[in-house]
Amino acid sequence: MTPLTNTTSINPELVEKFLKTLMEGIFIFKTNKEKSLAVMRKYLRGASQEVLEETYQYTTVEMEQVPYPSLQVITSGLDILSFQYPQAKQTDPNLIFDPSFVRRIDQSGFIAGLYKK
């Protein structure tokens, strides 16, 4: 892994599709508790109903409807990645931080439209 320095290979349409899918997933998670608990139950095998409920409640409060990137989160992610890929420490998080995609989707009304359903 080498530091990200070339952003010319970014496919804006693919990034937008990915982000819209992520935003729809957040919407479903926040608005369909039973479905969300069923998925959590499947992947968190052995977790008690109490743990699932507490996790769901905490996560719905903490999870933002509009997932703007955070420089702090990107930096933490690079730190974690550096355990397996030491080169991640050399990556400038500012080269990864780009809120313009989320801003464009947010301003288009896409997210507001999800929550109006």
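Guide: What follows is a conversation about terms and the values behind them.

Guide: This is a predicted model, in which local features need pLDDT of at least 70 and side-chain atom pairs count only at pLDDT 80 or more, while totals for chains, interfaces and linings use all residues. Residues are numbered from 1 along each chain as its sequence is written, and side-chain values use heavy atoms, with hydrogens and water left out.

Visitor: How many helices and strands are there in the protein chain?

Guide: The protein chain has 6 helices and 0 strands, where helices (H or I, at least four residues) and strands (E, at least two) are DSSP runs, numbered from the N terminus. Read from the N terminus on, the elements run α-α-α-α-α-α.

Visitor: Why is the protein chain called more spread out than a compact globule?

Guide: The radius of gyration, taken over C-alpha atoms, is set against a globule rule of 2.2 Å times the number of residues to the power 0.38. For 117 residues that rule gives 13 Å, and the protein chain has 17 Å, well over it, so the chain is more spread out than a compact globule. Along its principal axes, the C-alpha trace spans about 45 × 35 × 20 Å.

Visitor: Why is Met23 called buried?

Guide: A residue is buried under 20% relative accessible area, exposed over 50%, and partly exposed in between, with a 1.4 Å probe and protein chains only. Met23, which is found in helix H1, has a relative accessible area of 1%, and therefore counts as buried. Buried residues make up 21% of the 117 residues in the protein chain.

Visitor: What does Met23 touch, not counting residues up to four places away in sequence?

Guide: Contact means heavy atoms within 4.5 Å, and by that test Met23 touches Pro67, Val102, Ile105, Phe110, Ile111 and Leu114, not counting residues up to four places away in sequence. Met23 and Ile105 are 82 residues apart in sequence, and their C-alpha atoms are 9.7 Å apart in space.

Visitor: What makes up the largest nonpolar core?

Guide: A nonpolar core is a set of buried Ala, Val, Leu, Ile, Met, Phe, Trp, Tyr and Cys residues joined through side-chain atoms within 4.5 Å. The largest one has 7 residues in all, namely Leu19, Met23, Val66, Phe101, Val102, Ile105 and Ile111. Helix H1 (12-31) and helix H5 (100-107) each supply at least two residues of this core, and its largest share, 3 residues, comes from H5. Leaving aside neighbours within four places in sequence, Leu19 is in contact with Phe101, Val102 and Ile105. Apart from this core lies another, of 5 residues, among them Phe29, Leu37, Met40 and Tyr56. In soluble globular proteins, nonpolar side chains tend to be buried together.

Visitor: How do you know whether Ser36 is buried or exposed?

Guide: Ser36 is found in helix H2 (residues 33-43), and its relative accessible area is 5%, so Ser36 is buried. Leaving aside its neighbours within four places in sequence, Ser36 is in contact with Ile28, Phe29 and Tyr56.

Visitor: Why does Gln90 count as exposed?

Guide: Gln90 has 57% relative accessibility and therefore counts as exposed; its place is the loop between helix H4 (71-81) and H5. Gln90 and Lys35 are 55 residues apart in sequence and 41 Å apart in space, C-alpha to C-alpha.

Visitor: What makes Leu14 count as buried or exposed?

Guide: Leu14 lies in helix H1, and its relative accessibility is 55%, so Leu14 counts as exposed. The C-alpha atoms of Leu14 and Glu34, 20 residues apart along the chain, are separated by 30 Å.
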